[in-house]
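Subject: Structure for you to look at

Hi,

Here is the structure I promised to pass on. Please open it first, then read my notes below.

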Amino acid sequence: MPTFKCKDIGMDCPFETSAKTEDELMMKIAEHASKAHDIKTVPPELMAKIKKAIKK
Ligand SMILES: [Zn+2]
């Protein structure tokens with residue numbers, strides 16, 4: 001199951017999440033980024049970091 005931890009991209013944040021698919025996981029991450037980090041649109045370089053940090 002794909003899993004993401006916010007601290008793996010260098011954030012001082014205990015958030016972690018998992019989902020059945022990577023697409024679903026990306027949606028959860030985008031929602032968290034918006035609510036918790038005020039990142040309304042994830043820039044491409046951050047997206048690349050997130051993808052690398054996802055444990056499959
Ligand atoms: Zn976070």
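Start with F4. Leaving aside its neighbours within four places in sequence, F4 is in contact with I9, F15, E16, T17, L25, I29, I50, A53 and I54. Keep in mind that this is a predicted model.

F4 also leads us to the nonpolar core. The largest core has 15 residues. Which of them touch the most other members? They are F4, I9, L25, I29, L46, I50 and I54. Helix 1 and helix 2 each supply at least two residues of this core. Helix 1 gives the largest share, with four residues. As background, nonpolar side chains tend to be buried together in soluble globular proteins.

Next, the charged pairs. Side chains of opposite charge can pair when their charged atoms come close. The structure holds four salt bridges. Here are three of them, one at a time.

- K55 and D8: the closest N and O atoms are 3.1 Å apart in this salt bridge. K55 sits in the segment after helix 2 (44-53), and D8 sits in the loop between strand 1 (3-5) and strand 2 (16-18), so the pair ties together parts that are 47 residues apart in sequence. K55 is partly exposed, with a relative accessible area of 49%. D8 is partly exposed too, at 36%.
- K35 and E31: this salt bridge has its closest N and O atoms 2.8 Å apart. Both residues lie in helix 1 (residues 22-37), four residues apart, about one turn of the helix. K35 is exposed, with a relative accessible area of 66%. E31 counts as partly exposed, at 44%.
- D38 and K40: the closest N and O atoms of this salt bridge are 3.3 Å apart. D38 and K40 are both exposed.

Then go back to F4 and trace its contacts, including I9 and L25.

Best wishes

Key:
Residues are numbered from 1 along each chain as its sequence is written. This is a predicted model: local features need pLDDT of at least 70, side-chain atom pairs count only at pLDDT 80 or more; totals for chains, interfaces and linings use all residues. Side-chain values use heavy atoms; hydrogens and water are left out. A salt bridge is a side-chain nitrogen of Lys or Arg within 4 Å of a carboxyl oxygen of Asp or Glu. Buried means under 20% relative accessible area, exposed over 50%, partly exposed in between (1.4 Å probe, protein chains only). A nonpolar core is a set of buried Ala, Val, Leu, Ile, Met, Phe, Trp, Tyr and Cys residues joined through side-chain atoms within 4.5 Å. Contact means heavy atoms within 4.5 Å.
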